[in-house]
Amino acid sequence: METILYEGNQIKEAAAVVKNGGLVAFPTETVYGLGANALLPAAVKSVYAAKGRPSDNPLIVHVANFDQVKAYVDNFHPLTEKIVANYWPGPLTLIFSIKKDSLPQEVTGGLSTAAFRMPDQALTLALIEAAGVPLVGPSANTSGKPSPTTADHVYHDLAGKINGILDGGATKIGVESTVLDLSDPTKPPMILRPGAVTQEELEALLDSPVLLDGHLVSATEVPKAPGMKYKHYAPDTEVLMVKPQDWSTALKWVQEKQKRAGVIAGPAVSETMRYDTAAVFMYAKDTVEAASKSLFAGLRALDEPLLALDVILVETFPDEGLGTAYMNRLSKAANGRFFETGEQ
Ligand code: TXA
Ligand code: MG
């Protein structure tokens, strides 16, 4: 199959394809999603096949407005209105209990709940509106690879396997949306996946507690978001996280062991590394926002077989605010491993 690259003036064409069961990847403010008509079981099935993704992993239903959700949900959590008014469109996915059999089992993975999100991306909102149906949209990467933050990343993974890609340029945030469980109206909201909308922010808005799924804190608990249990975002090259105070030791280790090392870091660290490492992927600023935006692109770039790196060293950030989402994704890519003297 030839994969068409759609520009912003071809929304109608792209919408017709996706409405009729084709696969069209779309940009969002977080990462690119692999779009399919959420109401056509066969189309949703083909999403799993294109990604090579286990089919017990439920998908996010992308909508163009909150009213669209009401076709599937009648039992809303009392905090829904306030949350939606503040964060939609935006990087916040909401889990609701759904009306029985209102969505195909291929979307929900057979659960009695489903995930909904209204992305903050004008092209994609127009695409969903023109299609006239909600679109599922898992990240548009091959399963196990870093999520795509440009149309090129999508093309690299899925060319020939999908009908098209709507090109909206590089995504703004770079890590996937916060997943918030609102499925039980009697319980406090619970974050199942950290993202740009943080626990601190939500608690301040709601003036009531917001829980964090225990496994995000403890490695032994079973995650409630099914997708969180898989090894995700993993490049083939070994990845090690490096804390700020460990960069000079890490550099010595690279020299002593004659490692072909790549570095993903901001300007401050990159400038000290440039002449000792085989490749540096430097992002624009020493902020967790800039780091998050570039993390997946950096992992993809430095994982290129042509570079033949032995190891990729990546800068850590404090586990707070957006840093919680950044460290969650980085830690998965690194299999939980930090650079620690003598342990490599
Ligand atoms: O930012 C994003 O959310 C991107 C863009 C494209 O919108 N999409 C995305 O989709 O990351 P995906 O399929 O890669 O991740 C969906 C997450 C998974 O962790 C999945 O297990 C969880 O949401 N999820 C979906 N439905 C659920 C449900 N009913 N209960 C609990 N978790 C659910
Ligand atoms: Mg994903």
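**Strands, sheet and helix packing**

Student: β13 and β14 run parallel, but how many bridges join them?
Tutor: This is a predicted model, where local features need pLDDT of at least 70, side-chain atom pairs count only at pLDDT 80 or more, and totals for chains, interfaces and linings use all residues. Residues are numbered from 1 along each chain as its sequence is written, while chains are lettered from A and ligands numbered from 1 in the order in which they are written. Helices (H or I, at least four residues) and strands (E, at least two) are DSSP runs numbered from the N terminus, and two strands pair if DSSP finds at least two bridges between them. For β13 and β14, the number of bridges is four.

Student: Which residue of β14 stands opposite Ala265?
Tutor: Let's walk along the pairing of β13 with β14. Ile264 has Phe281 as its bridge partner in β14. Ala265 stands opposite Met282.

Student: Which helix packs on the sheet there, touching β13, β14 and β15?
Tutor: Two residues count as in contact if their C-beta atoms, placed from the backbone, lie within 7 Å. Axes are lines fitted to C-alpha atoms, for helices over the stretch in contact, and angles run from 0 to 180 degrees between N-to-C directions. The helix spans residues 288–302, its direction makes about 155 degrees with that of β14, and its name is α10.

Student: What is the strand order of the open sheet, and which strands stand at its edges?
Tutor: The sheet has four strands with parallel pairing, in the order β12-β15-β13-β14. Each edge strand has a single partner strand, so one side of each is left without a neighbour in the sheet. Neighbouring strands are turned by 20 degrees against each other on average, direction ignored. The edge strands are β12 and β14 (279–282).

Student: How many bridges join β15 to β12?
Tutor: β15 also pairs with β13 (residues 261–265), in the parallel sense over four bridges. There, Gly262 stands opposite Ile312, and Ile264 stands opposite Val314. β12 (residues 238–242) runs parallel to β15, and the bridges joining them number five.

Student: How many residues of β15 are buried?
Tutor: A residue is buried if 20 or more other C-beta atoms lie within 10 Å of its own, exposed if 12 or fewer, and partly exposed in between, with C-beta atoms placed from the backbone. In a regular strand the side chains alternate between the two faces of the sheet. For β15 both faces are covered, with Val311, Leu313 and Glu315 on one side and Ile312 and Val314 on the other. Out of its five residues (311–315), the number buried is five.

Student: Are α10 and α11 roughly parallel or roughly antiparallel to each other?
Tutor: Angles under 35 degrees count as roughly parallel, over 145 as roughly antiparallel, 65 to 115 as roughly perpendicular and the rest as oblique. The axes of α10 and α11 (residues 322–333) come within 9 Å and cross at roughly 20 degrees. The two helices are therefore roughly parallel.

Student: How does α1 pass α5, in a left-handed or right-handed crossing?
Tutor: A crossing is left-handed if the near helix is turned anticlockwise from the far one by less than a right angle, and right-handed if clockwise. The axes of α1 (residues 11–19) and α5 (residues 122–131) come within 8 Å and cross at roughly 55 degrees. These helices are therefore oblique to each other. The crossing is right-handed.

Student: Is Leu205 buried, partly exposed or exposed?
Tutor: Leu205 sits in helix α7 (residues 199–206). Not counting residues up to four places away in sequence, Leu205 touches Lys82 and Asn86. With 16 other C-beta atoms within 10 Å, Leu205 is partly exposed.
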